[in-house]
Amino acid sequence: MDPYPGCPPHQDHALGTAPGGAVRHPRWWERRGVRATALATLLAVSGVVIAALVREQTGTQGFLVGLGLAVVPVPLLTAAFRWLDRVRPGPWRNMVFAFAWGACAAALIAIVANSFATRWIETATADPTGADTLGATVIAPIVEESAKAAAVLLVFLFRRRDFDSVVDGIVIAGITATGFAFTENILYLGNAFGTDQLAGTGPGLSSVTAATFFVRVVMSPFAHPLFTVLTGIGFGIAAVTARDRGRIRRFLLPLAGLLAAMGMHAFWNGSSSLGEYGFFAVYAAFMVPVFGLITWLAVYVRQRELRTVREELPAYVAAGWVTVPEPFALGSLKARRLAREFAAHYGGRQAAESVAAYEAYATSLALLRRRGRRGRAGADFVVRERELLEALWERRAIARPALAYGARAAAPVPVWRPPVYAVPPMPTGGPAYNPYQY
């Protein structure tokens, strides 16, 4: 039985169609397995090379100390971005790729290009101090933000179905920058440890290692993610709004985000030259407010996605694709969580994963329908809608009872208020009237 009558049969888009209706098989370099293997090999080689370069600069002991300290903020930042992405979680493979690209490929590009450019400027100007300043405030922001933006661009181009909102851009960019900052922190902390060894400074709060750890890990672990998130926002807005505005807008929006990231990065790096308290002034007056603003924007966009789910899914209730409680349940983070817990309690981990997948597919369906109503959906709208509906249909037996429970448990509890009775007017003459006197 076809669960979606009236629509053409599903086809595998990886094959394509040649002129005349014949199926066109992809060439060997177009196959997913070949591309995935090539990308994994590139990242692995980059990781080995960057590890060797960092160890050469810091020494083996410094490398190990830096590695142990640099890993501290990674779980916190990764969890923060996954929390932000919990309305429609992206595949883990995208997260792993983004982190690996930032930690390996982008870091390798940055360390090689920054060193080459700084040495060239130093040779050309015979001014080592000026070369270092120019390298930190101009070269490094351009090279590093471009290298990190490449990961966002690759996901945007080749994982387009996983990249259709501003939140997706923020998450991919943030995870990429987290990986980059991880490798960079190994270098800085390892060099600081080496400086302490040369100076004979023991471990303690007065050491260079402790000071570097405080500045880079405690005070500003969000610095690199904050810069690159601006690039991600540009790509996210392009993914949401640029379908009907032409290719120029789709190009200009990410470019604007990238330029903003470079400018903010340059301003942050240049704060160290503003005097003894310049860094702290820029941190308090600029970085913290911008961080708060972008955090608010990300949460606002996530809440808007939930509202889209509540507004768009009722169209599928009449056709029987979703049940009446589901638009409310799927539009509430609390109801979603309760549904997954219900499924895990009665059906185990596999049932909970099935409900989580149902929630993600339903959210994608709502966002797709919203773009379709606004004329921003792609040519594959009907096919994509069918795929999402079929994915929901396959999981309905497990998801529907769980979501019904989530809707009931998360529904607002009615508050009983005592009825208000009008007090009769005070009678004229006689004793004073008391309405509570029997």
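Phe182 counts as buried, at 15% relative accessibility. Buried means under 20% relative accessible area, exposed over 50%, and partly exposed in between (1.4 Å probe, protein chains only). The model is predicted: local features need pLDDT of at least 70, side-chain atom pairs count only at pLDDT 80 or more, and totals for chains, interfaces and linings use all residues. Residues are numbered from 1 along each chain as its sequence is written, and side-chain values use heavy atoms, with hydrogens and water left out.

**Aromatic pairs**

A pair of aromatic rings is described by the distance of the centres and the angle of the planes. Rings of Phe, Tyr and Trp (its six-membered ring) pair if their centres lie within 6.5 Å; planes under 30 degrees apart count as stacked, over 60 as edge-to-face and the rest as tilted. By this rule there are twelve aromatic pairs. Two of them are tabulated here.

| Pair | Centre distance | Plane angle | Class |
|---|---|---|---|
| Phe99 and Phe182 | 6.0 Å | 35 degrees | tilted |
| Phe222 and Tyr283 | 6.4 Å | 35 degrees | tilted |

Phe99 lies in helix H3 (residues 92-125) and Phe182 in helix H5 (residues 166-199), so their pair ties together parts 83 residues apart in sequence. Helices (H or I, at least four residues) are DSSP runs, numbered from the N terminus. Phe99 is partly exposed, at 24% relative accessible area.

The pair of Phe222 and Tyr283 also links distant parts of the chain, 61 residues apart. Phe222 sits in the loop between helix H6 (208-219) and helix H7 (223-241), and Tyr283 in helix H9 (residues 278-312). Phe222 is buried at 13%. Tyr283 is buried at 17%. Together with Trp268 and Phe291, Phe222 and Tyr283 form one aromatic cluster.

**Charges over rings**

A charge sits over a ring if NZ of Lys or CZ of Arg is within 6 Å of the ring centre and within 35 degrees of the ring normal. Arg302 places its charged end over the ring of Trp83, 4.1 Å from the centre. The charged end of Arg369 sits over the ring of Tyr316, 5.6 Å from its centre.

**A buried polar side chain**

Helix H5 also holds Asn185. Asn185 is buried, with 5% relative accessible area. Its side chain makes a polar contact with the side chain of Arg216, at 2.7 Å. A polar contact is a pair of N or O atoms within 3.5 Å; within protein, one must be able to donate a hydrogen and the other to accept it, and residues adjacent in sequence count only if both atoms are side-chain atoms.

**An exposed ring**

Phe251 is found in helix H8 (residues 246-270). Phe251 counts as exposed, at 55% relative accessibility.

Note on methods: Helices (H or I, at least four residues) and strands (E, at least two) are DSSP runs, numbered from the N terminus.
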